[in-house]
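Welcome! Take a moment to look over the sequence and the fold, and then we can walk through a few parts of it together.

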Amino acid sequence: MTEVNTAPRRRPPGRWTRLVTARPRLSLLAALVLTVLAVLAGSGVADRLGSGGWEDPDAQSTYATKALEREFPGSQPNLLLLVDAGRASVDDPEVAAAAGRLTARLAGEKGVVGVGSYWRSKSPALRAEDGHEALIAARITGDEKTAGETLERIAPALRGAHGPLEVRLGGRVAVQHEMQTIIQEDLTRAELIALPVTLLLLVTVFGSAVAALLPLGIGIVAILGTNAVLRGLTEFTDVSVFALNLTTALGLGLAIDYALFIVRRFREELSAGADPSTAVGTTLRTAGRTVLFSALTVAVSLAAMLVFPQYFLRSFAYAGIAVVLLAAAAALILLPAALVLLGHRVNALDLRRVLRRGRRPAPAPEGGGAWGRTASLVMRRAPYFALGTTAVLLLLGLPFLGVKFGTADDRQLPSGAESHVVQEHLRDGFPGSPGGGLEVLAEGAATEAQYAAYKQRIAGLPEVLRVEGPLVNGDAAYFTVQPRGEAVDEPAQRLVDELRATEAPFETSVTGTAAVLVDSKGAIGERLPWALACIAVVTLLLVFLLTGSVLIPVQAVLLNALSLTAMFGAVVWVFQDGHLSGLLGFTSPGSIETTLPVLMFCVAFGLSMDYGVFLLSRIKEEYDHTGDHERAVRFGLQRTGGLITAAAVILAVVMVAIGTSRVTNTKMLGLGIALAVVMDAMVVRSLLVPAVMRLTGRATWWAPGPLRRLHSRVGLTETEQPPTPNPTPTEKESQPPRDRVTTGS
């Protein structure tokens with residue numbers, strides 16, 4: 001019987017390979033110069049970023065806020081001074097005199113308007129119920145950056161002791177400024193944690209210190225490049241400071257993922273006897289194409305956030321798209337140049353040799369190793385694994401059914417943060433919700449009687465504690481409405497709708513914290529179906545181009561979505577309900593910020609597709625070669641299971657480092673996505689995907705004739721030779737086994 005050689009035929013380097021490896025030293029030198037320029041361009045980016053962006057710029061509440069700032073500059077104070085008289089009463093003459101001097105000093109500061117205090121107005125809303133604390137309120141003018149600079153200038157002279165008084169600073173501008181400062185400090189700490197731990201894990205995966213440094217270098221290039229992009233964007237639009245966390249997480253995580261697959265494939269080719277140039281060519285034709293395809297799927301998921309009007313979400317799209325594309329570009333341009341120069345030295349400095357001294361080499365595993373045996377076990381019991389895994393994931397997601405949406409406030413900050421302490425005192429010790437009321441803007445000519453009648457109508461609403469005003473300026477006036485409970489709880493949100501539905505002889509607009517939340521929820525609910533449709537349609541198309549199947553894209557979308565249930569359930573159980581708050585060191589606000597689930601879905605879905613693409617590409621390649629469905633599934637998991645798990649663990653480490661932040665939203669983002677990544681790699685890819693593919697059998701690869709012909713013309717493939725027709729059972733029995741398969745990464 002004649003032996004058949006089934007090894008893939010080596011092809012000459014393609015145009016892309018020749019382009020990126022023709023002058024490798026020049027390519028790396030150019031990259032070094034561009035990186036230095038990126039460092040210079042991106043320096044100081046954090047100082048130009050905002051800490052807000054949760055509101056809809058086209059909403060009624062936003063319009064009313066801007067109109068009030070224009071017509072009544074002092075109507076919406078963003079700076080609160082909590083004045084503590086100690087054991088004395090705030091009405092004592094000595095206390096009142098000191099508070100009056102402090103109020104006058106604040107009123108004389110440049111950029112500060114609308115200064116008022118309890119001692120001027122005698123408003124009960126500005127006096128604590130125990131009589132020992134009272135408030136001075138003011139508005140710092142300008143945008144977030146200008147207001148923050150003003151606060152930095154005046155804060156040292158305001159806080160601290162003033163005769164018999166002790167003063168602490170709160171209010172929205174103080175919360176935002178403190179949040180921005182803490183985020184920058186925490187990001188530096190997260191990078192110091194993530195980089196050495198990531199390097200240690202890479203050395204464990206590769207063995208070689210040289211090979212381990214390559215993915216880390218690609219990640220640093222992607223992060224620095226994205227910082228420069230964000231710095232440029234701040235010249236044209238608002239960008240959130242929270243986007244820096246995503247830049248670090250995805251920059252390290254995805255760059256390491258991509259470099260991990262490329263370097264692993266390159267080392268496989270070298271071990272098979274290929275010279276470095278040929279090994280790079282094969283790597284780019286196979287793993288390189290998958291990296292490009294994976295980057296597109298992740299970028300599409302992140303781009304879906306551009307449909308939302310809040311610049312908080314749009315900022316993550318800017319940062320995410322930039323860092324994904326830069327990570328892929330660095331992995332496909334710089335990394336091949338470095339591999340050509342290194343050649344076999346990519347295996348240098350193998351630190352595991354020390355551990356292997358005196359030991360006999362471990363025998364090659366039988367049955368495809370642990371991952372191959374796992375795939376075989378799962379496919380033998382496919383119905384049980386499919387149903388059991390699905391049931392567990394759905395059970396873990398049940399807490400999300402009780403989600404309550406809220407807005408980001410001071411409770412995002414650590415318990416000892418000054419502005420958080422001030423707001424806690426307001427919630428616990430002051431009547432109503434000082435600084436958290438609703439403002440009703442009235443526009444149009446009206447008489448005093450009409451204003452009085454309208455005030456009486458809104459004062460009779462069941463959720464209203466009291467109504468103050470109106471203050472009139474020409475044809476504009478405004479009322480301040482204090483809700484009975486918390487500033488953003490469900491009754492306050494109902495009150496917004498009731499105020500907007502109340503008839504008036506003039507045009508009315510409602511703003512305030514609860515109104516901003518209502519409008520933000522409405523904007524997200526209106527645009528969420530478009531974002532989900534965008535992700536689903538493009539994902540279906542891309543996976544079809546990869547596999548040529550109609551069923552696999554549907555499976556990919558559904559299983560990816562299912563993999564996120566544990567993340568959403570944990571977010572509600574931990575961060576909304578407050579379980580583990582002591583261990584994790586945060587204060588539960590009792591709700592989830594409205595934009596966070598959208599952000600976490602887009603990021604986690606994209607990362608899940610990243611791993612799904614690598615697994616599906618290996619399964620598809622094997623199926624094209626043999627036509628054996630079960631063998632292809634087993635082979636795909638055998639060859640990628642360990643690598644996907646290693647990549648997921650490294651990315652989870654980066655996300656956990658981000659999750660050490662003292663800001664609750666950042667902690668939620670980091671820990672939630674870390675959980676989603678681990679569940680996807682270790683549960684969905686390892687158990688659910690092979691079980692479902694075993695149940696669907698050969699029908700997995702079905703597509704109608706027109707779509708098959710379309711895929712043959714425009715589809716993407718990793719194979720190094722044309723796909724062979726699916727063999728008949730007789731042909732399959734006559735095919736000799738392959739001695740070695742050199743596919744994938």
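How many disulfides does a search of the whole structure find? The search finds zero, and the model being searched is a predicted one. A disulfide is a covalent bond between the sulfur atoms of two cysteines. Take Cys534: its closest cysteine sulfur belongs to Cys602 and lies 9.1 Å away, too far for a bond. Because a disulfide calls for sulfur atoms within 2.5 Å, a distance of 9.1 Å rules this pair out. Seen from Cys602, the closest cysteine sulfur is that of Cys534.

Now turn to a sheet. Four strands make up an open sheet, in the order β8-β9-β7-β10, with antiparallel pairing. At its edges sit β8 (464–473) and β10 (507–512), each of which pairs on one side only. On average, neighbouring strands here are turned by 20° against each other, ignoring direction. Within the sheet, six bridges link β7 (residues 438–443) with the antiparallel β9 (residues 476–483); Ala442, for one, has Ala477 in β9 as its bridge partner.

Two helices pack on this sheet. Helix α17 (residues 490–501) touches β7, β8, β9 and β10, and its direction makes about 10° with that of β7. Helix α18 (residues 513–547) touches β7 and β10, making about 95° with the direction of β10.

Finally, find Arg289 in helix α10 (residues 276–303). Arg289 is partly exposed, because its relative accessibility is 42%.

Key: Residues are numbered from 1 along each chain as its sequence is written. This is a predicted model: local features need pLDDT of at least 70, side-chain atom pairs count only at pLDDT 80 or more; totals for chains, interfaces and linings use all residues. Side-chain values use heavy atoms; hydrogens and water are left out. Buried means under 20% relative accessible area, exposed over 50%, partly exposed in between (1.4 Å probe, protein chains only). Two strands pair if DSSP finds at least two bridges between them. Axes are lines fitted to C-alpha atoms, for helices over the stretch in contact, and angles run from 0 to 180 degrees between N-to-C directions. Contact means heavy atoms within 4.5 Å.
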